[in-house]
Amino acid sequence: MAGRTIAENRKARYNYFIHDEFEAGLILHGTEVKSLRAGKANIQDAYASFENEGLYLINAHIAEYGHGNRFNHDPLRPRQLLMHKREINKIAGQIQKAGKTLVPLSLYFNDRGIVKVRLGLASGKKQHDKRATERDRDWGREKQRLMKQHN
């Protein structure tokens with residue numbers, strides 16, 4: 001990834017274990033390229049999904065280009081990802097067999113100026129249960145307060 005990064009999904013590495021990474025091209029329409037060159041993209045809530053035997057980037061927000069026609073593109077439309085069919089089948093098999101998720105990690109321009117998406121094949125992390133720590137912390141405070149009262 002030697003090109004210029006447009007958007008990164010930092011939550012993905014925090015919320016998931018990334019097992020494997022893939023690179024995919026992105027089909028863009030209208031003024032989406034100009035918006036990306038201006039750096040107006042957000043993939044924090046995005047995910048990749050299989051629809052109609054193709055791979056799509058869902059919920060990626062590419063803002064409307066300010067100097068273009070306001071009807072040029074929908075900011076949240078599903079965008080098709082370009083990968084070899086064999087690679088798509090390999091990912092689909094791992095998702096169905098192992099229950100993994102395909103998460104976009106970053107959106108960037110490569111050295112040739114082509115928009116690419118780095119995808120991670122991920123499984124969910126176990127979230128830390130804060131209730132136990134909060135209970136222990138509250139009991140520690142309560143214990144200190146009771147000790148002060150009796151002394």
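Arg118 is buried in this predicted model, with a relative accessible area of 17%. The side chain of Arg118 meets that of Glu21 in a salt bridge, at 3.8 Å from N to O. Because Arg118 belongs to strand β9 and Glu21 to strand β2, the pair ties together parts that are 97 residues apart in sequence. Glu21, with a relative accessible area of 33%, is partly exposed.

**Salt bridges**

The count of salt bridges comes to seven. Three of them are set out below.

| Salt bridge | N to O distance |
|---|---|
| Arg118 and Glu21 | 3.8 Å |
| Glu32 and Arg77 | 3.0 Å |
| Glu142 and Arg145 | 2.2 Å |

The side chains of Glu32 and Arg77 meet in a salt bridge. This pair links distant parts of the chain, with Glu32 in helix α2 (residues 32-37) and Arg77 in the loop between β6 (61-62) and β7 (79-82), 45 residues apart. Both Glu32 and Arg77 are buried.

The salt bridge between Glu142 and Arg145 is set within a single element: both residues lie in helix α4 (residues 130-150), three residues apart, or about one turn of the helix. Glu142 has a relative accessible area of 31% and is partly exposed. Arg145, at 39% relative accessibility, also counts as partly exposed. Elsewhere, salt bridges with shared partners join Arg13, Glu21 and Arg118 into one network.

**The sheet**

Strands of a sheet pair through backbone hydrogen bonds, either parallel or antiparallel. Here seven strands form an open sheet in the order β1-β8-β9-β2-β7-β5-β4, with antiparallel pairing. At the edges are β1 and β4 (47-51), each of which pairs on one side only. From one strand to the next, the twist averages 45°.

Strands β8 and β9 run antiparallel and are joined by eight bridges. Phe109 stands opposite Val115 of β9. Strand β2 pairs with β7 in the antiparallel sense over two bridges, and Leu26 has Leu81 of β7 as its bridge partner. Strand β5 is joined to β7 by three bridges, again antiparallel. Leu81 is likewise the bridge partner of Leu55.

In a regular strand the side chains alternate between the two faces of the sheet. Strand β7 has a covered face, made up of Arg79 and Leu81, and an uncovered face, made up of Gln80 and Leu82.

**The nonpolar core**

The largest nonpolar core holds 26 residues, of which Leu26, Leu36, Leu55, Leu81, Met83, Leu107 and Leu119 touch the most other members. At least two residues of this core come from each of β1 (4-8), β2 (16-26), β5 (54-58), α3 (85-98), β8 (101-109) and β9 (115-124). Strand β9 gives the most, with four residues.

The bridge partners around Leu81 connect the sheet with this core. Leu26 and Leu55 are each paired with Leu81 in β7, and Leu26, Leu55 and Leu81 are among the core residues that touch the most other members.

Which residues are in contact with Leu119, leaving aside its neighbours within four places in sequence? Leu119 is in contact with Asp20, Glu21, Phe22, Ala24, Ala48, Leu55, Leu81, Met83, Leu102, Val103, Pro104 and Leu105. Among these, Leu55, Leu81 and Met83 are also listed with Leu119 as core residues that touch the most other members. Glu21, another contact of Leu119, is the salt-bridge partner of Arg118.

Definitions and conventions
Residues numbered from 1 in each chain as written. Predicted model: local features only at pLDDT ≥ 70, side-chain atom pairs only at ≥ 80, totals over all residues. Heavy atoms only, no water. Core = buried A, V, L, I, M, F, W, Y, C linked by side-chain atoms within 4.5 Å. Buried < 20%, exposed > 50% of the residue type's maximum accessible area, 1.4 Å probe, protein only. Contact = heavy atoms within 4.5 Å. Salt bridge = Lys/Arg side-chain N within 4 Å of Asp/Glu carboxyl O. Pairing = 2+ DSSP bridges. Axes fitted to C-alpha atoms, helices over the stretch in contact; angles between N-to-C directions.
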